[in-house]
Amino acid sequence: MDPVDDQPSEPAEPSWDDVAADWDTDPGPRAYAAAAFHSLTQALGARPGRLADSRVLDFGCGTGLLIERLAPRCPAIDAVDSSAAMLEVLQQKISAGGWDHVRPLASPPATPASYDLIIASSVLAFVDDHPATVGRLATLLRPGGHFIHWDWERDPGDADGHGLTREEIGGALTAAGLTQISVESAFSIEIEGITARPLRGIGTAPAV
């Protein structure tokens, strides 16, 4: 036997499916979602567009902590997540709330120019190709539609750290052909005694 096989393996990182059942009871994600929603309403207040008129795509929706706030305000929401267990929790909320206008999906529809608003909360730093993902999502925006996302800020000098730099966020939004780009600190939040200031990236699909 190869000696390497005798070495103890490191414990695997928990998957999103593993944490889905307890996600909503964690005060951290709930506080983050509340702050992100406030940040969203602030951003839309400074740009044309209202939630009441918007068809929304929540990319990386998780258990729907943002959708809990969006569902009473938006006429149509597509909720996308790769975790089946997260979507199961969301489906329970959809059934309990009678949210017939919320549709859980494993991947975004391929129909271009479908949405007035696309949001992504703390998810783009986890995808395999951040710029390519932003580029694909941008094609789903209607003219004048907004792409808004929140992600942890990574120090440009820390290549192995988690999150995205301001330059990476701005570069991806620009490469996707979006305009009116803004990258700034979104809010300040304390989680387990640590104060974090996620970034908010915004881009707008050019009007025809």
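Begin with the largest pocket, which has a volume of about 1,000 Å³. The model on display is predicted.

**The pocket centre.** Select Trp16, Trp23, Ser121, Ser122 and Phe126, the residues that lie nearest the centre of the largest pocket. The lining as a whole comprises 38 residues. When these are coloured by class, 22 are nonpolar, 10 are polar and six are charged.

**The elements around the pocket.** Next, display helix H1 (16-23) and helix H2 (27-45), together with strands E1 (55-59), E7 (189-191) and E8 (194-196). Each of these elements supplies at least two residues of the lining. Which element contributes the largest share of the lining? Selecting H2 gives the answer, for six lining residues come from this helix.

**H1 against H4.** To see the contact, select Trp16, Asp17, Val19, Ala20 and Trp23 on H1, then Ala84, Ala85, Met86 and Val89 on H4. The contact of H1 with H4 has eight nonpolar residues, no polar residues and one charged residue. Two of the H1 residues shown here, Trp16 and Trp23, were already selected among those nearest the pocket centre.

**H5 against H6.** The crossing in which H5 passes H6 is right-handed. On the H5 side of the contact, select His130, Pro131 and Val134; on the H6 side, select Glu168, Ile169, Ala172 and Leu173. By class, five residues of this contact are nonpolar, one is polar and one is charged.

Technical notes:
Residues numbered from 1 in each chain as written. Predicted model: local features only at pLDDT ≥ 70, side-chain atom pairs only at ≥ 80, totals over all residues. Heavy atoms only, no water. Left-handed = near helix turned anticlockwise from the far one by under 90°. Helix = DSSP H or I, 4+ residues; strand = E, 2+ residues; numbered from the N terminus. Contact = heavy atoms within 4.5 Å. Nonpolar A, V, L, I, M, F, W, Y, C, P; charged D, E, K, R; others polar. 1 Å grid on protein atoms, 1.4 Å probe; cavity = no way out; pocket = protein on both sides within 12 Å on 5 of 7 lines; lining within 4 Å. Points joined across faces, edges and corners; volume = space filled by probe spheres on them.
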